[in-house]
Amino acid sequence: YDLATANNFTTTTAGTVTITFTNKSAGQSGCIKFVNASNHTVNAHADVAINATTLAALATSGTYYLNYYVTAASGNNTILVSATGALT
């Protein structure tokens with residue numbers, strides 16, 4: 001997700017995906033409509049802090065709502081990400 005272009009995104013998987021952010025700045029936040037089209041594997045970049053159980057749940061087909069908050073422009077675990085359970 002390129003944070004220089006937007007703060008809110010929609011993603012529909014077509015295979016294995018990695019949650020990755022670029023052009024980060026402390027204080028940025030936003031949301032992502034995340035649609036896993038077919039039980040695709042979901043990974044997180046090292047700078048993303050997400051609960052392992054939540055990340056594993058995103059691998060199940062469905063539509064999810066993710067929120068993120070950038071705590072620092074660089075470093076591991078600096079982008080906090082949370083997600084709802086499957087909405088559909």
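Modeller: The model is predicted, and its accessible surface is a plain place to begin. That surface comes to about 4,500 Å², and carbon and sulfur atoms account for 51% of it. Of the 88 residues in the chain, 36% are buried. A compact globule with 88 residues would have a radius of gyration near 12 Å, and the chain agrees with this, because its own value is 12 Å. Along the principal axes, the C-alpha atoms fill a box of roughly 30 × 25 × 20 Å.

The secondary structure consists of 1 helix and 7 strands. In sequence order the pattern reads β-β-β-β-β-α-β-β. Taking contacts between residues at least 6 apart in sequence, 55% join residues that are at least 24 apart.

Now to the rings. A pair of aromatic rings is described by two values, the distance of the centres and the angle of the planes. In this chain the count comes to 3 aromatic pairs. One of them joins Tyr-1 and Phe-9, with 4.9 Å from centre to centre and 50 degrees between the planes, so the pair is classed as tilted. Phe-9 has a relative accessibility of 15%, and it counts as buried because the cut-off is under 20%.

Another of the pairs is formed by Phe-21 and Tyr-68, which is also tilted, with 4.9 Å between the centres and 45 degrees between the planes. Phe-21 lies in the loop between S2 and S3, while Tyr-68 lies in strand S6, so this pair ties together parts that are 47 residues apart in sequence. Through ring pairs, Tyr-1, Phe-9, Phe-21 and Tyr-68 are linked into a cluster.

The strands around these residues can be followed next. Strand S1 covers residues 8–12 and pairs with S3 in the parallel sense, over 5 bridges. Within that pairing, Phe-9 stands opposite Ile-32 in S3. S3 is also joined to S6, this time antiparallel, by 8 bridges. There, Phe-34 has Tyr-64 in S6 as its bridge partner. S3 itself is mostly covered, with 6 of its 8 residues buried.

Asn-23 lies in the loop between strand S2 (17–19) and strand S3 (29–36). Its phi is near 55 degrees, which is a positive value in a residue other than glycine.

Asn-77 sits in the loop between strand S6 (62–70) and strand S7 (79–83). Apart from neighbours within four places in sequence, Asn-77 is in contact with Ala-46, Asp-47, Val-48 and Ala-49. From Asn-77 to Thr-10 the C-alpha distance is 22 Å, and the two are 67 residues apart in sequence.

Methods. Residues are numbered from 1 along each chain as its sequence is written. This is a predicted model: local features need pLDDT of at least 70, side-chain atom pairs count only at pLDDT 80 or more; totals for chains, interfaces and linings use all residues. Side-chain values use heavy atoms; hydrogens and water are left out. Helices (H or I, at least four residues) and strands (E, at least two) are DSSP runs, numbered from the N terminus. The radius of gyration is taken over C-alpha atoms; the globule rule is 2.2 Å times the number of residues to the power 0.38. Buried means under 20% relative accessible area, exposed over 50%, partly exposed in between (1.4 Å probe, protein chains only). Contact means heavy atoms within 4.5 Å. Accessible areas come from the Shrake-Rupley method with a 1.4 Å probe; for residues, only the protein chains shown count as cover. Rings of Phe, Tyr and Trp (its six-membered ring) pair if their centres lie within 6.5 Å; planes under 30 degrees apart count as stacked, over 60 as edge-to-face and the rest as tilted. Two strands pair if DSSP finds at least two bridges between them.
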